[in-house]
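Here is a short report on one protein model. It covers the overall build, then the charged pairs.

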Amino acid sequence: MRKVKRPNDLPLDVLLTCISNYQDSYLVKRLKSIGPEVEAVSEIFEDKVKNQRLHTLEPHDNVMSIVTTQEMKNVYNDKFVKKGQPGRDIYDRLLNAPTLNKCPFCGYRVVSTLDHHLPKAKYPTLAVTPTNLIPSCFDCNKTKTAVRPLTPQEETLHPYFDNVEDDLWLKANVIEQFPIVFKYYVDKPDNWDELTFQRVKNHFKVFELGKLFSILAAGELPMRELTLNRIYYKAGSDILRLQLKDYAESVEQVHLNSWQAAMFRALEESEWFIQEYFSHQGKQNA
Ligand SMILES: [Zn+2]
């Protein structure tokens, strides 16, 4: 999970911008009248996200019986997402916030949409609240689906408020077979409390990161094999281990919990890979 700088746009300003070119004056009047409610619920939402209490925020069927869920969905879809409409500039800014346009949930695929952290179908008041809108790749957005957390452990990480980038938690094991399989898992750092650990594990499960990283690693190793094979035969297993350590440290400089770093660390720690892998294969790439 990658942290993203939280947007500073105020929920009420976003709502008013979005509805600024509606022709239906009665609709505009009703939408304007829910402004204080949007502000208040947005503030409660942020407070609960920060304190892992989001599961206590009750879903609602409409906004104060004044604006329907469908009308809030229309504001989002027709006035915020649609090109040329008044909210689109804000949408683009949120979408383009992550470094290199990488999806903060998987850290791998490219951002293509905004994900409602709490689904707009169940929380229409938060339909255009910027801190409820997180840049996401298509797959992560689809995988998460419109579920709401029922316990603190089920609260997936929020890239604007949660930061787990500075602690090493992503690990992998080498499954000793040909071709090698990497099994990824979340390892609890000593300084984490149990809730943080459970939330990261849940995030890892919900976004199916273990499966994604295993597939990526299975494709990465063959591209490194020629170099590693030559090192093994020319310089020996100790130098091979140092090379893997070097690869891991190089990737960690950019992202401590990247799948590549975990993959190289797993290879470095596998006696089987260091001592036997290339000799078992019996092919020397001189
Ligand atoms: Zn993603």
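Is D139 buried, partly exposed or exposed? D139 is partly exposed, at a relative accessible area of 35%. Here buried means under 20% relative accessible area, exposed over 50%, and partly exposed in between (1.4 Å probe, protein chains only).

## Basis

This is a predicted model: local features need pLDDT of at least 70, side-chain atom pairs count only at pLDDT 80 or more, and totals for chains, interfaces and linings use all residues. Residues are numbered from 1 along each chain as its sequence is written, and side-chain values use heavy atoms, with hydrogens and water left out.

## Overall build

The protein has eleven helices and six strands. These are DSSP runs (helices H or I, at least four residues; strands E, at least two), numbered from the N terminus. The C-alpha trace spans about 80 × 40 × 25 Å along its principal axes. Of the 286 residues, 48% are buried.

## Salt bridges

The structure holds 13 salt bridges. Each is a side-chain nitrogen of Lys or Arg within 4 Å of a carboxyl oxygen of Asp or Glu.

One of them joins E71 and R30, with the closest N and O atoms 2.8 Å apart. E71 sits in helix α4 (residues 69-81) and R30 in helix α2 (residues 25-33), so the pair ties together parts 41 residues apart in sequence. R30 is buried, at 15%.

D92 pairs with R88 at 3.0 Å. They are four residues apart in helix α5 (residues 88-95), about one helical turn. D92 is partly exposed at 25% relative accessibility; R88 is buried at 14%.
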